[in-house]
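Hello,

Here is the structure, with my notes below it. Please read the notes with the model open.

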Amino acid sequence: MFLGMDQRRDELLESNVKGKNPFKDKRVRQAFYQAIDEEAIKAKVMRGFARPTALMVGPGINGFDPTLDKRFAYDPVAAKKLLGEAGYPDGFEVGFDCPNDRYVNDEAICQAVVAMLAKIGVKANLPAQTKAKYFTKINAPGYQTSFYMLGWTPGPLDTLHMLSNLAQTRSADFRQGAWNEGGYSNPAVDELIGKISVELDSEKRNELISKALSMVKEDFAYIPLHQQIVVWASRANVELAQLGSNDFQLRYVKLK
């Protein structure tokens, strides 16, 4: 689970800031990050069933680098200062897109984020809605969002899947960066993604992945929140092997 920001348009679609895009300023992106208390979200909203993360992939995904998995500190005072330095001492308004029927506690997470951002003067207007309307709004071809929450699981269990979909510069045909809703673009990251996609030496490839993950993190391209903990329950007479992907497959179920 993570938060994304429109970093492509010269003016946000949904904001009281006119003539410029606050999210093009790294200081604003960092301010949003440091205004969010993920530990509180884990404890209060997720009731402990979440793993706070600093990366856009989690353990178990090839390329995950535990040395990079340390969140920037929650610090609303520093966040407020960063906004002031960026030219928004009183904050600003921004639309905040969120589903209410797609992820675990999705709307509640977004409501918590709204309250946390309010402490630094940011008014996030939250139109939480069904996933059908939500994805139609934020996805290609329009990408009609300024600020949003989204979840991502790399299906092939490899970091390249996340990088090519979320961190690569969007192409006109949407073959690259198709889910890069905010239009993040860093030529150095694009170059690394190209090298990762053809490197056959696993050790060298993972080194390239770590560099790309570090760049995405230091750019505050996204605001990672947490991994949802997979929770399943069954009767005492049921044996099953539950997959980490959270897919339910009957072939792994046995009745005693």
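For sorting residues by type, Ala, Val, Leu, Ile, Met, Phe, Trp, Tyr, Cys and Pro count as nonpolar, Asp, Glu, Lys and Arg as charged, and the others, Gly among them, as polar. This is a predicted model, in which local features need pLDDT of at least 70 and side-chain atom pairs count only at pLDDT 80 or more, while totals for chains, interfaces and linings use all residues. Residues are numbered from 1 along each chain as its sequence is written, and side-chain values use heavy atoms, with hydrogens and water left out.

Pocket and cavity

Both kinds of space were found on a 1 Å grid over the protein atoms alone. A pocket is an open set of points with protein on both sides within 12 Å along at least five of seven lines; a cavity is a set of points where a 1.4 Å probe fits but cannot get out; lining residues have an atom within 4 Å of a point. Grid points are joined across faces, edges and corners, and a volume is the space filled by probe spheres set on the points.

The largest pocket holds about 1200 Å³ of space. Its lining is made up of 39 residues, and those nearest the centre are Trp152, Thr153, Gln227, Gln228 and Gly244. By type, the lining has 22 nonpolar, 13 polar and four charged residues. Strand E7 (residues 226–228) gives the most to this lining, with three residues. Helices (H or I, at least four residues) and strands (E, at least two) are DSSP runs, numbered from the N terminus.

The count of cavities of 30 Å³ or more comes to one, and the largest cavity has a volume of about 80 Å³. The residues that line the largest cavity are Tyr33, Ala54, Leu55, Met56, Leu213, Val216, Lys217, Phe220, Tyr222 and Pro224. They divide into nine nonpolar, no polar and one charged. Helix H8 gives the most to the lining, with three residues.

Backbone points to check

Phenylalanine 220, one of the residues lining the largest cavity, has a positive phi, near 55 degrees, and is not a glycine. Phenylalanine 220 is in the loop between helix H8 (202–218) and strand E6 (222–224). With a relative accessible area of 2%, phenylalanine 220 is buried (buried means under 20% relative accessible area, exposed over 50%, partly exposed in between, with a 1.4 Å probe and protein chains only).

Leucine 157 also has a positive phi, of about 60 degrees, and sits in the loop between E5 and helix H6 (159–167). Leucine 157 is partly exposed, at a relative accessible area of 48%.

A cis peptide bond, with omega about 5 degrees, joins alanine 140 and proline 141. Proline 141 belongs to the loop between helix H5 (131–138) and strand E5 (147–150).

Helix H7 and its cap

In helix H7 (residues 187–196), the buried residues are Val189, Leu192, Ile193 and Ile196. They lie on the same side of H7, because they cover an arc of only 105 degrees around the axis, the arc being that of the directions from the helix axis to the C-beta atoms. An α-helix has 3.6 residues a turn, so residues three or four places apart point the same way. The buried residues of H7 pack against H6 and H8, where contact means heavy atoms within 4.5 Å.

What caps the N-terminal end of H7? Asparagine 186 does, with a side-chain oxygen 2.9 Å from the backbone nitrogen of alanine 188. Asparagine 186 is in the loop between H6 and H7 and counts as buried, at 16% relative accessibility. The side chains of asparagine 186 and aspartate 219 are joined by a polar contact of 2.8 Å. A polar contact is a pair of N or O atoms within 3.5 Å; within protein, one must be able to donate a hydrogen and the other to accept it, and residues adjacent in sequence count only if both atoms are side-chain atoms.

Aspartate 158, in the loop between E5 and H6, is buried at a relative accessible area of 14%. A polar contact of 2.7 Å joins its side chain to that of asparagine 62. Leaving out residues up to four places away in sequence, aspartate 158 touches Ile61, Asn62 and Arg205.

Leucine 117 is in helix H4 (residues 106–118) and is buried, with a relative accessible area of 0%.

Regards
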